[in-house]
Amino acid sequence: MKSYEKMSKEELETLKKELDKKYEEVKAKGLKLDMSRGKPSKAQLDITAGMMDVLDSSTDLVSEDGVDCRNYGVLDGIKEAKRLFSQMAEVPPEKIIMYGNSSLNIMYDTISRCMTHGVLGSTPWMKLDKVKFLCPVPGYDRHFAITEYFGIEMINVPMTPEGPDMDMVEELVSKDDSIKGIWCVPKYSNPQGITYSDETVRRFARLKPAAEDFRIFWDNAYCIHHLYEDDQDFLLEILEECEKAGNPDLVYKFASTSKVSFPGSGVAFLAASDRNLEEIRKQLTIQTIGHDKLNQLRHARYFKDLAGLKAKMREHADIIRPKFEAVLEVLENELGGLGIGEWIKPKGGYFISFESMEGCAKKIVAKCKEAGVIMTNAGATFPYGKDPKDSNIRIAPTFPTPEELAEAAELFVLCVKIVSIEKLLA
Ligand code: PLP
């Protein structure tokens, strides 16, 4: 295929006429499709439907350590849940705390506590003139929403194929003690699907931040969310690396079963060093008398062990892999070699990240919308919703059916072509 940049003005104009005609035809179909929602489809929720049968009125609801899960108590989580999810978190059971259903909620709480109470005796962040966070971009909009909500200034750090630009991270955190943290999605990142290399993880573990209360917010949301059984990414375990580097308290690690069991009713957990956990438990005793232990019990009895979790994740992969592939195939067939867009083929996670020509993302998303296909807002993957190059678009292939996806992807590439030609002709 001839790259658009090599085409003459006349060639581009002729092509644009054809594409405009095609666009009007697609628009006339009155599509109503949504490629913006990073959530599992009904078929995926049905994979773990049996969870609802694990507990009923005749079930013994006493946990292994003798706790009646219907009652108050047990701040950290019941024994069998901690054993199971410590395997998912790749840490010993004593290094995790089980929470409610949402890891994002734990992250919000963590930032909130740092703001009001500081970290291990440091000045509460809200009492400081300035608090800054590093934000690898493109990244997860809800992370950025939390830090924006608390008035924390966000600094963009570009992602590379190995993870965030570590030269920049090291330089910034070593010089500026108002930088208190960094958001990381280290495996199958949202939205690019990038897994941090061993060297990146080790460089994180060896960081020497100017701020003693600097923390890495390690959101391992997609830790077991592989698309290919025989072609998986591997991520070094950060807490262990931090210990080895003499920096045991540097990281808070988060995950949940939102995309393993149910996004609305999964279980979430946090892993951290003993000192960090001790501080967190002090807050937790004030915050709650205990999280939902029945749900912990349900999860523990249903999945049993890591092999049980992985078996279900293979079923998820079987459903979503064809969807990812349907979108990637359209991108490759329609845009490959045209020089008007780039994307990474992810091996896991929930998204495909598309890079358009500079200054085109907003127009592409608007044009898709006009013809009935909703994409994630352009800019959403950047702090303050501002993509400096206006080029990143997040595609979420999990929710629609493969047929809907193929249709939506066809429209998407059409819009990419039209908007790119408009830019080249401008
Ligand atoms: N972290 C990342 C990177 C996500 O993409 C998502 C959901 O899309 C979440 C966290 C939400 O997690 P939870 O459902 O546990 O709150």
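Buried residues account for 46% of the 426 residues in the chain. The model is predicted. The chain holds 13 helices and 13 strands. Its radius of gyration is 23 Å, close to the 22 Å that the globule rule gives for 426 residues, so the chain is as compact as a globular protein of that length.

**Overall dimensions and contacts**

- Taken along the principal axes, the box filled by the C-alpha atoms of the chain is roughly 75 × 55 × 35 Å.
- Among contacts in the chain with a separation of 6 or more, 76% are between residues 24 or more positions apart.

**The eight-stranded sheet**

- Eight strands make up an open sheet, and their order is β2-β9-β8-β7-β6-β3-β4-β5.
- The pairing in this sheet is mixed.
- Strands β2 (96-98) and β5 (163-164) are the edge strands, each pairing on one side only.
- Strands of a sheet pair through backbone hydrogen bonds, either parallel or antiparallel.
- Strand β6 (residues 179-184) and strand β7 (residues 215-219) run parallel and are joined by four bridges.
- Tryptophan 183 has phenylalanine 217, in β7, as its bridge partner.

**Surroundings of the ligand**

- The shell around the ligand has 13 residues, of which Ser102, Ser103, Leu104, Ser256 and Ser258 come nearest.
- By class, this shell consists of six nonpolar, six polar and one charged residues.

**Backbone exceptions**

- Most residues other than glycine have a negative phi, and most peptide bonds are trans.
- The peptide bond from valine 137 to proline 138 is cis, with omega near 0°; proline 138 is located in the loop between β3 (132-137) and α5 (141-149).
- Another cis peptide bond runs from asparagine 190 to proline 191, with omega near 10°; proline 191 belongs to the loop between β6 and α7 (198-205).
- Tyrosine 384 is not a glycine, yet its phi is positive, at about 60°.
- Tyrosine 384 sits in the loop between β12 (373-374) and β13 (392-395), and counts as partly exposed because it has 13 C-beta neighbours inside 10 Å.
- Aspartate 390 is not a glycine either, and has a positive phi of about 45°.
- The loop between β12 and β13 also holds aspartate 390, which counts as partly exposed because it has 19 C-beta neighbours inside 10 Å; a residue is buried if 20 or more other C-beta atoms lie within that distance.

**Isoleucine 280 in helix α9**

- Isoleucine 280 is part of helix α9 (residues 274-287).
- Isoleucine 280 has 18 other C-beta atoms within 10 Å and is therefore partly exposed.
- Apart from its neighbours within four places in sequence, isoleucine 280 makes contact with Ile97 and Ala272.
- Isoleucine 280 and aspartate 109 are 171 residues apart along the chain, while their C-alpha atoms are separated by 10.0 Å.

Methods. Residues are numbered from 1 along each chain as its sequence is written. This is a predicted model: local features need pLDDT of at least 70, side-chain atom pairs count only at pLDDT 80 or more; totals for chains, interfaces and linings use all residues. A residue is near a molecule or strand if its C-beta atom, placed from the backbone, lies within 6 Å of it. Ala, Val, Leu, Ile, Met, Phe, Trp, Tyr, Cys and Pro count as nonpolar, Asp, Glu, Lys and Arg as charged, and the others, Gly among them, as polar. Helices (H or I, at least four residues) and strands (E, at least two) are DSSP runs, numbered from the N terminus. The radius of gyration is taken over C-alpha atoms; the globule rule is 2.2 Å times the number of residues to the power 0.38. A residue is buried if 20 or more other C-beta atoms lie within 10 Å of its own, exposed if 12 or fewer, and partly exposed in between; C-beta atoms are placed from the backbone. Two residues are in contact if their C-beta atoms, placed from the backbone, lie within 7 Å. Two strands pair if DSSP finds at least two bridges between them.
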